[in-house]
Amino acid sequence: MSLHALIIGAGSTGTAVAHDLALRGFRVTVVERGEIASETTGRNHGLLHSGGRYAMTDPEAAQECAEENALMRKLMPDLLERNDGLFVAINEEDLTYRERFLEGCARAGIPAQELTPKQALELEPHLNPKLLTAIRVPDGVFDPFHFSMAFLATAKLNGAVVYTYTEVIDFVWSGRSITGVKVLDRRTKKESVLGADLVINAAGPWGGEIGQMAGIKHIAMVPTAGIMVAVHRRWSKRIINRLNRPGDGDIIVPQRRNSVIGTTSWVVQDPDQIPVPPEQIKQMLDCGTLLVPAFATAPLRGVSAAARPLLDKTVGGGKVEGRELTRGFDCFNHAADGAEGLFSILGGKTTTSRAMAEKLGDIVGRVTGVTTPCRTKEVPLATYRAFYRS
Amino acid sequence: MDNQTTWQKIWAWIDYRGRREGGIGFILMRLTAIGLVVYLLLHLTMLTNLARGPEAWDGFIHLVEHPFFILADAVLIFGLLYHAINGIRVGILGLGWGSRLQAPLFWGAFALTVILTVAAVAAIVSIG
Amino acid sequence: MRTLKLRILRGSPTLGRQYQTFTVTLPDEANIIDGVEQIFGHQDHSLMFRHACHHASCGLCGARVNGRERLMCITPVSEFPDGATVTLEPLRNFPWVGDLAVDVKPLLQKMDMVGLPYSREDELADSPEPGNRFEDCIECGLCMSACPVVGSSTKYLGPAPLAGLARLIQEPREVDFSKACALGKSPHGVWRCHSAMECTEVCPSDVDPSQAIGWLRRFYTFKKK
């Protein structure tokens with residue numbers, strides 16, 4: 001009899017975990033209070049990182065991005081625009097990062113090719129003509145909703161059950177063990193209990209709320225908001241990055257016939273409604289204009305904000321120690337916090353959701369004695385449309 | 001939608017809410033089509049009066065001399081012209097041409113219908 | 001800033017239906033989806049709606065805004081005068097889940113039958129290098145909601161699947177489209193369209209399904225591209 005894993009949250013984390021655990025033979029249920037991938041993941045920029053962004057500042061993250069990027073190209077080729085990205089130097093200060101960037105890419109195994117301004121402008125005619133250099137890396141574009149749906153569709157084909165508009169309102173206990181969740185179905189306004197052998201908190205910025213329901217006062221995550229600004233017209237075929245340390249408004253992603261510039265960063269208390277600071281819209285458009293001058297006059301298409309669940313490194317507790325966990329996300333076994341059977345996976349980024357799920361799956365497998373190894377590197381993802389076949 | 005009733009299906013065709021030129025044009029095509037079929041049946045029924053001899057036919061003509069039937073004629077002519085002229089528009093659009101111009105084409109078709117209807121009614125009235 | 005009254009259809013097949021009006025105050029550059037989010041975050045946490053990207057790529061936030069099919073994320077509040085009432089209702093021709101959410105299974109099953117790949121050759125950019133980009137169709141369902149024939153028939157393929165079929169035949173990318181092709185010729189394919197043209201008018205993504213259906217008719221009739 002397979003163990004029943006219940007996953008709270010159907011963002012990029014929850015859907016990747018569903019896929020991983022289903023392949024290991026768990027019976028999987030996903031509960032999501034809204035629509036799939038409708039919050040943080042939905043407003044994700046859609047950049048499949050080559051790792052270039054972290055090449056100078058975080059070599060471990062850079063290498064992991066590079067590996068996951070190559071894997072995603074193999075597992076979901078049709079859901080990606082595989083057109084590469086450019087890191088562009090606009091001024092002399094940018095140019096000072098050139099060598100460090102190329103070195104960092106080489107160390108992380110990221111193919112990086114420097115282009116002359118003339119070559120760059122031939123590839124991308126709408127770039128700032130005053131650019132000083134451009135370095136080409138294997139960035140890619142994805143649509144975050146469909147990205148997550150591909151994982152969830154595959155999990156569903158392997159038996160996972162998904163409940164949307166179903167909100168977790170409490171945990172069910174047996175002593176110090178969690179044996180399930182109490183949920184409210186928004187469609188019927190009825191409450192019911194879903195039993196489970198283990199529960200995974202993949203609720204992103206709401207991870208703290210879920211933790212509190214289990215009596216865990218402090219979950220190691222800080223909701224950090226950022227905005228994205230979309231303008232009309234696909235001004236570039238590729239991702240356009242600013243060659244500099246990672247900062248605000250330094251990435252433009254083409255999404256179909258539009259271009260999206262982002263992002264910013266500020267801590268919020270309530271991830272449910274994040275008003276967009278109006279001065280940030282102008283800030284983003286100005287940043288965009290430096291890379292692609294057309295941003296100054298292109299009509300606005302939309303502005304959005306979402307909170308990322310960034311890891312709070314100051315909190316200890318039930319953190320799983322001694323593992324080769326990639327910086328940026330952590331897995332927690334809350335047995336140490338008085339909630340046996342509850343695990344949290346916090347932080348991370350959509351590009352590496354498969355790797356995150358693998359690490360969580362390994363931990364959960366060890367704790368529960370399920371020895372099936374992770375198979376997500378080999379099993380290609382089904383089309384997202386398969387979700388609707390039943 | 002599964003389990004749709006016949007009324008729901010009919011309503012889907014004539015629900016005018018939120019519709020613009022193309023959708024209104026579609027509804028009018030359905031209505032004029034039904035109207036023309038009804039007219040055709042009436043027309044054929046009335047023509048059988050011819051087989052019933054002069055009294056029956058004269059009685060019929062006397063009835064339709066009433067001014068109300070001039071109005072009915074105008075509605076009939078409008079319906080016939082609209083269906084035919086918009087029908088040409090639909091034929092062109094249906095082969096994949098002019099989709100970006102579909103709204104101005106509708107107004108053009110409608111305007112032409114109105115102009116020709118007015119001209120026809122004017123002709124009928126002036127003869128009478 | 002402006003204040004709008006959002007009159008939203010609430011309920012579900014189990015709970016019944018009624019309209020509920022909320023007042024929201026939004027910056028002038030905001031879109032309707034921001035108002036819906038404000039209601040969800042601050043006024044009524046039970047509101048059900050679909051959304052993700054907020055820039056018209058994911059195709060989730062389709063609804064009828066004052067009766068007309070729109071994506072809520074690119075419907076600017078500046079279209080409505082200060083103090084106006086804006087009615088929000090779910091899309092037509094899809095099973096109702098609750099409030100503004102519908103089940104898009106009917107459309108996605110048909111897109112699955114057609115099998116249009118998600119990405120295409122990139123002919124939009126100016127650079128000499130070929131590349132790929134996502135198909136224009138975001139499978140948002142606005143066209144399916146606006147089509148009166150879809151409204152009267154679950155079997156009719158509908159604008160988006162037929163437009164997808166046209167794209168598939170134009171650019172097969174090693175997909176065997178013979179089955180999908182047969183679907184298009186069937187009684188529930190291209191010949192059921194009556195050129196109401198609402199699909200092309202409401203499409204937020206430059207797909208022009210009516211033109212695609214016409215192209216398919218010429219393709220089937222004359223068997224050349």
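1. From the N terminus on, the elements of chain B in this predicted model follow the order α-α-α-α-α, and the count for the chain is accordingly given as five helices and zero strands.

2. The overall form of chain B deserves a careful look, since a compact globule of 128 residues would have a radius of gyration near 14 Å, whereas chain B has 19 Å. Taken along the principal axes, the box that its C-alpha atoms fill is roughly 55 × 40 × 25 Å. Buried residues make up 18% of the 128 residues in chain B, and among its contacts with a separation of 6 or more, 68% are between residues 24 or more positions apart.

3. Which pair of chains has the most contacts? Two pairs of chains touch, and of these it is chains A and C that have the most contacts between them. Chain A and chain B, by contrast, do not touch, and their nearest C-alpha atoms are 16 Å apart.

4. In the contact between chains A and C, 43 residues of chain A meet 50 residues of chain C. On the side of chain A that touches chain C, the elements giving two or more residues are helix H5 (117-123), helix H6 (144-157), strand E17 (258-262), helix H8 (278-291) and strand E19 (300-311) of chain A. The largest share of that side, five residues, comes from E19(A). Sorted by class, the side of chain A that touches chain C holds 14 nonpolar, ten polar and 19 charged residues.

5. The contact between chains B and C draws 20 residues from chain B and 25 residues from chain C. On the side of chain B that touches chain C, two or more residues are given by each of helix H1 (6-14), helix H2 (21-47) and helix H4 (68-94) of chain B. The residues on this side of chain B comprise eight nonpolar, seven polar and five charged.

6. Just after H2(C), the backbone at Gly115(C) takes a positive phi of about 75 degrees.

7. In soluble globular proteins, nonpolar side chains tend to be buried together. The largest nonpolar core here has 200 residues, of which Ala18(A) and Ile200(A) touch the most other members. If residues up to four places away in sequence are not counted, Ile200(A) touches Ala5(A), Ile7(A), Ile8(A), Val17(A), Phe343(A), Ile345(A) and Leu360(A).

8. Does strand E12 (residues 190-195) of chain A lie largely buried or in the open? The number of buried residues among its six is zero, so E12(A) lies largely in the open. Strand E11 (residues 177-185) of chain A runs antiparallel to E12(A), and six bridges join the two; one of the bridge partners to look for is Gly195(A) in E12(A), which is paired with Gly180(A). The hairpin of E11(A) and E12(A) has four residues between the strands, and in it Lys189(A) takes a positive phi near 60 degrees.

Definitions and conventions: Residues numbered from 1 in each chain as written. Chains lettered and ligands numbered in written order. Predicted model: local features only at pLDDT ≥ 70, side-chain atom pairs only at ≥ 80, totals over all residues. Contact = placed C-beta atoms within 7 Å. Nonpolar A, V, L, I, M, F, W, Y, C, P; charged D, E, K, R; others polar. Core = buried A, V, L, I, M, F, W, Y, C linked by C-beta atoms within 7 Å. Buried ≥ 20, exposed ≤ 12 C-beta atoms within 10 Å, placed from the backbone. Rg over C-alpha atoms; globule rule 2.2 N^0.38 Å. Pairing = 2+ DSSP bridges.
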